[in-house]
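Welcome! Let us take a friendly look at how charged side chains pair up in a protein model.

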Amino acid sequence: MAIPLKYLFVFVALPYLLYQMRRPTRWTGQLFVRGMNRSHSALSDWGLSCVRIGKDFVILDVGCGGGATIRKLASIAENGTVYGIDYSSGSVAVSRGFNADLINVGRVHIQKASVSHLPFPDASLDLATAIETQYYWPDLLGDMRDIRRALKPGGRLLIVAETYKGGRTDKLQRPIMKLLGAAHLDVTAHRELFVSAGYQDVEIFEERSKGWICATGTKPS
């Protein structure tokens with residue numbers, strides 16, 4: 001029996017689109033990234049409100065995507081420096097274009113790199129942020145430990161996600177997360193992850209009406 005053309009298209013296109021969502025490389029992936037700059041804006045604003053950001057902070061945004069969070073961070077840390085990394089060359093290109101003026105004056109630096117191989121020396125960062133990206137980290141616990149290595153004593157890691165196990169949108173998002181091969185943690189698992197990675201003063205915030213979660217932890221002094 002012949003497969004209808006529309007179903008054949010779905011079977012062929014879906015894996016490609018899912019890959020581009022995780023690791024944008026082509027024009028389709030870059031469209032996703034630009035769209036995320038808009039769709040994640042309110043989420044990132046809420047998440048950044050959960051942590052103190054000093055005007056002279058040195059900050060790393062892990063999985064910087066389209067670069068909107070980098071721009072927000074630079075506007076708060078107006079005398080500081082913001083670094084962005086992403087393992088996708090497409091995301092790096094979009095992010096650099098979005099922040100070209102800040103790059104030109106030396107306030108922002110964006111490069112292709114993996115969270116599993118951070119190109120930063122020990123105790124060099126005041127804050128690390130991860131907006132809608134920790135789902136895909138190859139070694140979630142090990143990667144959080146390497147971020148802790150790069151943080152200064154007393155530095156803080158902030159993880160923000162628009163869905164989590166047990167949250168308002170969990171039932172809707174769970175099949176998508178499974179297709180993406182993404183980590184999907186509940187509140188307790190988020191807290192335990194931070195503690196296991198060596199962070200203290202762990203705090204978990206929930207925006208229940210949206211189904212959002214924010215987790216933060218401090219590198220011991």
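What follows is a short tour of the salt bridges in this predicted model.

Side chains of opposite charge can pair when their charged atoms come close. In this model, the count comes to 8 salt bridges.

| Salt bridge | Closest N and O atoms |
|---|---|
| Asp-126 with Lys-152 | 3.3 Å |
| Glu-203 with Arg-156 | 3.1 Å |
| Arg-208 with Glu-206 | 3.2 Å |

Let us begin with Asp-126 and its partner Lys-152. Asp-126 counts as buried, because its relative accessibility of 17% is under 20%. Lys-152, at 29%, is partly exposed.

Strand E5 also holds Arg-156, which pairs with Glu-203 from strand E6 (residues 200-207). These two residues are 47 residues apart, and their pairing links distant parts of the chain. Is Arg-156 buried or exposed? Arg-156 is buried, with a relative accessible area of 13%. Glu-203, in turn, is partly exposed at 37%.

The pair of Arg-208 and Glu-206 comes next. Arg-208 has a relative accessible area of 59%, so it counts as exposed, the cut-off being over 50%.

Finally, salt bridges with shared partners join Asp-122, Asp-146 and Arg-149 into one network.

Technical notes. Residues are numbered from 1 along each chain as its sequence is written. This is a predicted model: local features need pLDDT of at least 70, side-chain atom pairs count only at pLDDT 80 or more; totals for chains, interfaces and linings use all residues. Side-chain values use heavy atoms; hydrogens and water are left out. A salt bridge is a side-chain nitrogen of Lys or Arg within 4 Å of a carboxyl oxygen of Asp or Glu. Buried means under 20% relative accessible area, exposed over 50%, partly exposed in between (1.4 Å probe, protein chains only). Helices (H or I, at least four residues) and strands (E, at least two) are DSSP runs, numbered from the N terminus.
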